[in-house]
Amino acid sequence: MKTLALALSVLATSAAAQSLDGVATLDVLPGWRAADGTHMAGLHITLAPGWKTYWRAPGDAGIPPQIDFSSSDNVASARFLWPVPEVFDQGGMRSIGYDGGVVIPVALTPQAGGAMTLSGMLDIGVCEEICVPVQLPFSLTLPEAGARDPQIVASLVDRPLTASEAAVTGATCAVRPSADGLTVTATLTMPQAGRREEVVIEAGDARIWVSEPDVSRRGDQLTATVDMVHVAGGAFALDRSGVRVTVLGSDHAVDIQGCSAG
C-alpha cells in the first residue's frame with residue numbers, strides 16, 4: 001500500500017496546484033463522415049515546450065484524463081482511440097503519456113442523420129517540474145462531409161497492434177487474494193514486442209487501483225504481476241473479460257482485451 005499512498009499523495013498535490021495560462025490548448029479537428037455514418041473527429045492537445053500529459057492509464061505518477069462529452073448534440077456514443085504513448089520516469093515512479101501534445105481520434109456514432117456537435121470538457125494533468133490540472137472546454141459542429149485529416153490519420157496509424165495482429169496465442173489471468181485486495185498475474189503467449197517491454201494492466205473499473213507490474217519473460221511467455229486495490233477498500237470481484245493488458249515494446253505496442261482464468 002506504500003506505492004498507492006505515494007500515488008495518492010502525488011495526485012493530491014497536483015489537484016491543489018493552479019493551472020498556468022498557455023501550458024495547454026485544445027482544438028477539435030472536424031474530420032470526416034464514413035460511409036457507415038460514423039464520424040471520425042479528433043481532439044488535438046498542444047502543450048508548451050517541455051510539458052507532458054497523460055495516457056488513459058497514466059501510471060502511479062500520472063493524472064488520469066477525464067473526457068465529458070455529455071453536452072454534445074446528436075451524438076449517441078464516442079470511442080476514444082489513444083495512440084501509442086511513451087513511458088517516463090517521474091520522481092522514481094513510472095508515468096505514461098505524451099510529450100508536447102497528442103491527437104486523440106474520436107469515433108462518433110450519431111443518434112440520427114444530420115449535423116453533429118461535439119461539445120464538452122477535457123480534464124487533464126500536465127507536468128514539467130510541477131504537475132498542474134487543466135480544464136479544456138471544447139465545442140464544434142462537425143460537417144456531414146469532409147476530407148480525411150492527415151493528423152487524425154497519423155494517430156490512427158500510430159495505434160497498438162491487436163492481439164491477433166501481434167500473434168498473441170494466449171492470455172490468462174491468475175487471481176489470488178492479498179491483504180488489501182487481489183494479486184493478479186497475467187501470462188501472455190506472444191512474440192517479443194522489442195528488446196524492452198513495459199506492461200500496463202487495467203482492471204476495467206476506474207475504482208480499482210492497479211500497481212506497477214513485476215514483469216518477466218521466458219521464451220514466448222511474458223508474465224506481469226500486479227496488486228489491485230479497490231478505492232473503497234474491502235473485497236471485490238474481478239471481471240476478467242474487462243481486464244486490458246497493453247504491452248509497450250521498443251518495436252511496437254500490443255493491446256490485449258480480456259483474459260481467461262489462469
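## Thr-246 in strand 18

Thr-246 sits in strand 18, which spans residues 244-249. Strands here are DSSP runs of E with at least two residues, helices are runs of H or I with at least four residues, and both are numbered from the N terminus. The model is predicted: local features need pLDDT of at least 70, side-chain atom pairs count only at pLDDT 80 or more, and totals for chains, interfaces and linings use all residues. Residues are numbered from 1 along each chain as its sequence is written, and side-chain values use heavy atoms, with hydrogens and water left out.

Thr-246 is buried, at a relative accessible area of 0%. Buried means under 20%, exposed over 50%, and partly exposed in between (1.4 Å probe, protein chains only). Beyond four places in sequence, Thr-246 has contacts that include Trp-55, Val-199, Val-200 and Asp-255. A contact means heavy atoms within 4.5 Å. Arg-56 is also on that list, and its side chain joins that of Thr-246 in a polar contact of 3.4 Å. A polar contact is a pair of N or O atoms within 3.5 Å; within protein, one must be able to donate a hydrogen and the other to accept it, and residues adjacent in sequence count only if both atoms are side-chain atoms.

## The partner, strand 14

Strand 18 pairs with strand 14 in the antiparallel sense, over six bridges. Pairing requires that DSSP finds at least two bridges between the strands.

Strand 14 covers residues 197-202, and six of its six residues are buried. Glu-197, Val-199 and Ile-201 point one way. Glu-198, Val-200 and Glu-202 point the other way. In a regular strand, side chains alternate between the two faces of the sheet.

## Gln-135, an exposed site

Gln-135 belongs to strand 10, residues 131-142. Gln-135 is exposed, with a relative accessible area of 53%. Leaving out residues up to four places away, Gln-135 touches Met-121, Leu-122 and Asp-123. Leu-122 is 13 residues away in sequence, yet 5.8 Å away from C-alpha to C-alpha. The side chains of Gln-135 and Asp-123 make a polar contact of 2.9 Å.

## The whole chain

The chain holds two helices and 20 strands. Of its 262 residues, 46% are buried. The C-alpha atoms fill a box of roughly 50 × 45 × 35 Å along the principal axes. Among contacts between residues at least 6 apart in sequence, 69% join residues at least 24 apart.
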